[in-house]
Amino acid sequence: MKKLFSTSLFPVIVFFFTFSSNSTIVAGDAPKLVGVKTCGMCHKKDAEGNQLKVWQDSKHANAYKTLQSEEADKIAKDKGIDGKAAEAKECLVCHASGYDVDASLLAKNFKVEEGVQCETCHGAGGKFKKKSTMKDHAKAVAAGLVEYKDEAAIKTQCVTCHNEESPTFKDFDFDKRWAEIAHDIPKK
Ligand code: HEC
Ligand code: HEC
Ligand code: HEC
Ligand code: HEC
């Protein structure tokens, strides 16, 4: 009985050690948020869809600045929030990327003031931003690029913010709103 016990526990112990040491490595090795300036360096050619410009022209680029308005402070006050909207977690959660991320995971170029940035939807780019990785879809996904398998998956991402928790929410017409900010690479 004693023997049976120890041999059957052995794989469990091995598994535990493998698993726990792996997860430590992963935690200390998480990709950094690089910020829209870095993504934009390679995504601003008109012939390739100029994703940077589509984003700059969208309200996502302005989402943090919106919180610095008097209107925003008033909305925050009405919600019982003490202090500035631009400093309130309750507002930043949908109006900015990376506001709650440890400084060690923010690249120098990253600025919370840039609002809802590329990496909120595409994943932290610290490990997939290299050109050779970006060109290889499987590699990029393995390095943290978020993959959307269909429009329903895209919509699921949108409604994490476009929902009734937003103090100014009216409705969210996905087809219409996605058409406003879609930023494909044109097919060759
Ligand atoms: C060094 C240049 C470079 C940087 C920096 C860069 N990209 Fe890319 N990206 C590319 C290239 C090249 C492609 C492939 C384009 C193609 O297939 O025509 C690509 C493709 C993509 C794709 C489509 C990938 C796929 O497989 O579906 C997404 C999404 C993307 N980039 C987002 C980002 C984001 C977000 C950032 C910042 C975190 C970023 N990129 C930074 C060069 C770059
Ligand atoms: C659940 C996500 C979410 C939260 C939380 C949130 N917002 Fe927003 N906010 C949005 C979205 C999405 C919009 C775009 C318009 C809409 O659908 O409401 C928006 C728009 C705004 C606007 C522009 C209003 C307009 O009509 O264009 C202001 C101002 C604003 N929010 C302030 C705040 C303040 C202040 C807080 C914190 C008390 C806050 N938001 C919390 C998601 C959110
Ligand atoms: C609100 C969410 C959101 C933001 C912000 C956003 N994207 Fe996207 N992006 C998407 C979705 C969803 C797709 C379509 C699914 C996919 O290809 O991953 C997409 C597609 C892309 C593609 C690939 C298009 C194709 O035809 O294969 C590139 C490149 C890209 N985004 C780059 C960027 C860059 C660079 C930024 C910032 C300047 C950015 N995105 C900001 C959600 C977003
Ligand atoms: C991290 C939260 C977040 C996510 C995810 C997000 N949005 Fe937004 N979106 C906002 C906020 C906040 C605003 C309002 C910004 C402002 O007015 O300053 C906004 C504004 C917009 C606007 C302008 C709306 C208007 O009334 O003019 C469009 C269009 C939009 N988002 C489309 C989308 C789509 C499509 C997706 C999914 C692909 C998406 N958003 C995902 C937070 C988000």
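Q: How many helices and strands does the protein chain have?
A: This is a predicted model. Its protein chain has 11 helices and zero strands.

Q: And how do the elements run from the N terminus on?
A: They run α-α-α-α-α-α-α-α-α-α-α.

Q: What percentage of the residues is buried?
A: Buried residues are 21% of the 188 in the protein chain.

Q: What about contacts with a separation of 6 or more? What share comes from residues 24 or more positions apart?
A: That share is 55% in the protein chain.

Q: OK, cores. Which residues make up the largest nonpolar core?
A: There are 10 of them.

Q: Take Ala72. What does Ala72 touch, not counting residues up to four places away in sequence?
A: Thr66, Leu67 and Ala85.

Q: Which residues does the second core include?
A: That core is separate and has nine residues. Among them are Val36, Leu52, Trp55 and Phe110.

Q: Ligands now. Which residues come nearest to ligand 3?
A: Trp55, Cys118, Cys121, Asp184 and Ile185, out of 18 residues around ligand 3. Trp55 also belongs to the second core.

Q: Which elements give two or more residues to the shell around ligand 3?
A: Helix H2 (36-42), helix H3 (51-56) and helix H7 (118-122). H7 has the largest share, four residues.

Q: How does the shell around ligand 3 split by class?
A: It has 10 nonpolar, seven polar and one charged residues.

Q: Switch to ligand 1. Which residues come nearest?
A: Of the 17 around ligand 1, the nearest are Cys39, Cys42, Gly125, Met134 and His137.

Q: Which elements give two or more residues there?
A: H2, H7, helix H8 (131-134) and helix H9 (137-142). The largest share of the shell around ligand 1 is four residues, from H2.

Q: Ligand 4, then. Which residues come nearest?
A: Ligand 4 has 19 residues around it. Lys59, Ala63, Thr66, Cys158 and Cys161 come nearest.

Q: What are the classes around ligand 4?
A: Eight nonpolar, eight polar and three charged residues.

Q: Last topic, Ile154. Which helix does Ile154 lie in?
A: Helix H10, residues 151-158.

Q: Why does Ile154 count as partly exposed?
A: Because Ile154 has 15 C-beta neighbours inside 10 Å. Buried would take 20 or more, and exposed 12 or fewer.

Q: What is Ile154 in contact with, leaving aside neighbours within four places in sequence?
A: Tyr148 and Trp178.

Q: How many residues apart in sequence are Ile154 and Trp178?
A: They are 24 residues apart in sequence. In space, the C-alpha to C-alpha distance is 8.9 Å.

Terms used
Residues are numbered from 1 along each chain as its sequence is written. Chains are lettered from A and ligands numbered from 1 in the order in which they are written. This is a predicted model: local features need pLDDT of at least 70, side-chain atom pairs count only at pLDDT 80 or more; totals for chains, interfaces and linings use all residues. Two residues are in contact if their C-beta atoms, placed from the backbone, lie within 7 Å. A residue is near a molecule or strand if its C-beta atom, placed from the backbone, lies within 6 Å of it. Ala, Val, Leu, Ile, Met, Phe, Trp, Tyr, Cys and Pro count as nonpolar, Asp, Glu, Lys and Arg as charged, and the others, Gly among them, as polar. A nonpolar core is a set of buried Ala, Val, Leu, Ile, Met, Phe, Trp, Tyr and Cys residues joined through C-beta atoms within 7 Å.
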